Amino acid sequence: MAGATRERELLLDVSGMTCGSCVQRVEKTLLKQPGVLECRVNLATAEAAVRLAEDAATFETLRSAVQARGYDIEVHRDRPDPAREEERAWLRRVWVAWPLGVAVMMLSIFGMHTDWARVAALVLATPVQFCAGWPFLEGAAHRARSFGANMDTLIALGTLTAYLYSVWALFAGQDTYFDTAALIIAFLLLGKYLESRARGRASQAIRRLLELGAKDAHVVRGGREFLMLVDEVKVGDLVRIRPGEKIPTDGVVEQGASTVDESMLTGESVPVEKGEGDDVTGATLNVDGSLLIRTTRVGSDTALAQIVKLVSEAQSNKAHIQRLADRISGVFVPIVIGIAAVTAIGWLAATGTARDAIVPAVAVLIIACPCAMGLATPAAIMVGTGKGAQLGVLIRGGEVLERSRRIGTVVFDKTGTLTEGRMRLVGVAGDQAALAWGAAAETSSEHPIARAVVDGATDRNVAIPDAFDFRSAAGLGVRARVEGEEVLVGRRQFMEAGGSEVPEWLAEEAGRMQAEGRTVVWVGWGGKARGALAVADTLKPNAADTIRALHGLGIEVVMITGDNRTTAEAIGREAGINRVLAEVLPAEKVEEVRRLQAEGEVVAMVGDGINDGPALAQADLGIAIGTGADVAIEASDLTLMSGDLRGVVTAIRLSRRTFRTIVQNLGWAFGYNVVLIPLAAAGLLNPILAGAAMAFSSVSVVSNSLRLRRFRA
């Protein structure tokens, strides 16, 4: 049997794109090349993520195909701040266009009937048209060579028509429109500058994530300490981290103890205690102790690098609504050119003069530029996913956002998701010495229930005496000698088999605790049961608050667990969950999710991402509870980097808010064209105002998306 075809990912920087039709054209071109399996092009980031088969076309072949369509690509490289470079380039053109454009306007207003002013207007408008406005003309020429059209085509047609008509009119003694061409370009350039500035702010999330990492590390080799760049650290190196320093890479604590601030990765504000054997994550902050760690992951394998990769991929993944917008943009430009032509012909037939036909046709071409449509969705996804990463929530792209807003039922796994996943002492009945002597007998046991009893006694400041002659009976209990007495700790039948009498009042207390879903551990000595200790897997902090918040969003909550029904329903009551699916085997969780979906529910599954993998995959939305070091391997749609369940509410609210922003953006972009194109065709919209409106439509879409940065969990 032949081996599976190996695939590889290629991230490309794309230049020359200006609107949604460009996105669609680049995607189609790349997808036609041999071995290209998938392609996602993002206008907001100017990047293309391409998935290639092993025998795919070379990069040069891909580049030649894209260049033939009037665009260019190069292998992605991390530049200091590409958005800032683009912003400066547009600003330089703004400084050329605006002074000259205003001067041309003043000449047109006050010197229209003098020959010197008309000639001066030509001289001043020419550098605006062909120097400051060159990116629009160049883009249009590239599209024309490949028989295509985009936003640049509309701008070039509109401004060149006004400019060339004005040159003819200058010598024919007619009114000129040099100010129209110059000011349209000035407004468009100002819009491009403001748009690139806003897009730079929108892409700050990834840059901030990258900046979180430490730049150097104190590496211990051969008993000596060396300061070196973090890129030079290898797996297995010993690294010393002093108080106040960033942990440079992922590792395990070899020596020392400290608290570590992980908020920059998990969104959790409370520092976490770290000691020998604990995992630490690169880019987190060592607060108050000295640590010596052994590195386990470096470079692109670290949790931070994986998170940056996931956020980047999320920003290039498209929602269905974005693909629809791209398709509309792809046919929109030719339609607009047709409308402009019909407008010109209609006005020419009605008035008989070229001047009266040109002005409304130019206004149609300029007002209809579809750049706002192309930016409406990717800008919102870029800001929304970036904000999610800051809050410790990884959202894997636009499709996840769409699904999240439709969630009607959230299914929680119990153990390790709703609960802590470990036993705690939650109740004591009987003799005061029962807890102390029971903990003494359990000290030598590694059983989770034994650890819960010992930790519970310690937390209650109970003095634990020494125990001797420890013996264990598998599945039943333990016995040990404490202060000369043989102490039995375990199940009730273990007590009775050892000859211990169980008082009726104690049995009633134990029964009450068992009815609440607790596990009861009996303690006895001297031929009598002296106490009953209740242990349970307790709810995580904020679990009940999370359930209430989900109910407030109109979402039904279901708990699914393999535990017995009594225990499960007790946890459900405590958490505020009405629907509990108990005694469900791991393999049956998938069937339960399918059954809910068959009832018409749109289901989100929340689990640990490992044992609940099949159910997470089956759900309409899989939400994995993880920690910073594990997040990169979670096979879910949406991952919470901390164990705080409030992240589920944050994720759903942020997804809904982001999708609402996308709808607002598209509503503005489409509505703006629907309303203003007829006005332009009717001659009711000055081309200069059309240029200003078109330029600021893109800015408004990106600015609206930037409001997501103010989202609060």
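Begin by selecting Tyr177, a buried residue with a relative accessible area of 18%. The model is predicted.

The rings of Tyr165 and Tyr177 form a tilted aromatic pair, with 6.1 Å from centre to centre and 40° between the planes. Because Tyr165 belongs to helix α6 (residues 151-172) and Tyr177 to the loop between α6 and α7, the pair ties together parts that lie twelve residues apart in sequence.

Next, display Phe130, Tyr163 and Phe178, which form one aromatic cluster.

The aromatic pairs of the model number seven. To inspect another of them, select Trp98 and Phe187: the ring centres are 4.9 Å apart and the planes stand at 85°, over the 60 degrees required, so this pair is edge-to-face. Trp98 is in helix α3 (residues 82-110) and Phe187 in helix α7 (residues 178-202), so that distant parts of the chain, 89 residues apart, are linked. Colouring by accessibility separates the two partners: Trp98 is partly exposed, with a relative accessible area of 22%, whereas Phe187, at 18%, is buried.

Finally, move to strand β2 (residues 36-42), which is mostly covered, five of its seven residues being buried. Show its neighbour, strand β3 (residues 47-53): the two run antiparallel and are joined by six bridges. At one of these positions, Asn42 has Glu47 in β3 as its bridge partner. Four residues lie between the strands of this hairpin, and Ala46 there adopts a positive phi near 55°.

Note on methods: Residues are numbered from 1 along each chain as its sequence is written. This is a predicted model: local features need pLDDT of at least 70, side-chain atom pairs count only at pLDDT 80 or more; totals for chains, interfaces and linings use all residues. Side-chain values use heavy atoms; hydrogens and water are left out. Buried means under 20% relative accessible area, exposed over 50%, partly exposed in between (1.4 Å probe, protein chains only). Two strands pair if DSSP finds at least two bridges between them. Rings of Phe, Tyr and Trp (its six-membered ring) pair if their centres lie within 6.5 Å; planes under 30 degrees apart count as stacked, over 60 as edge-to-face and the rest as tilted.
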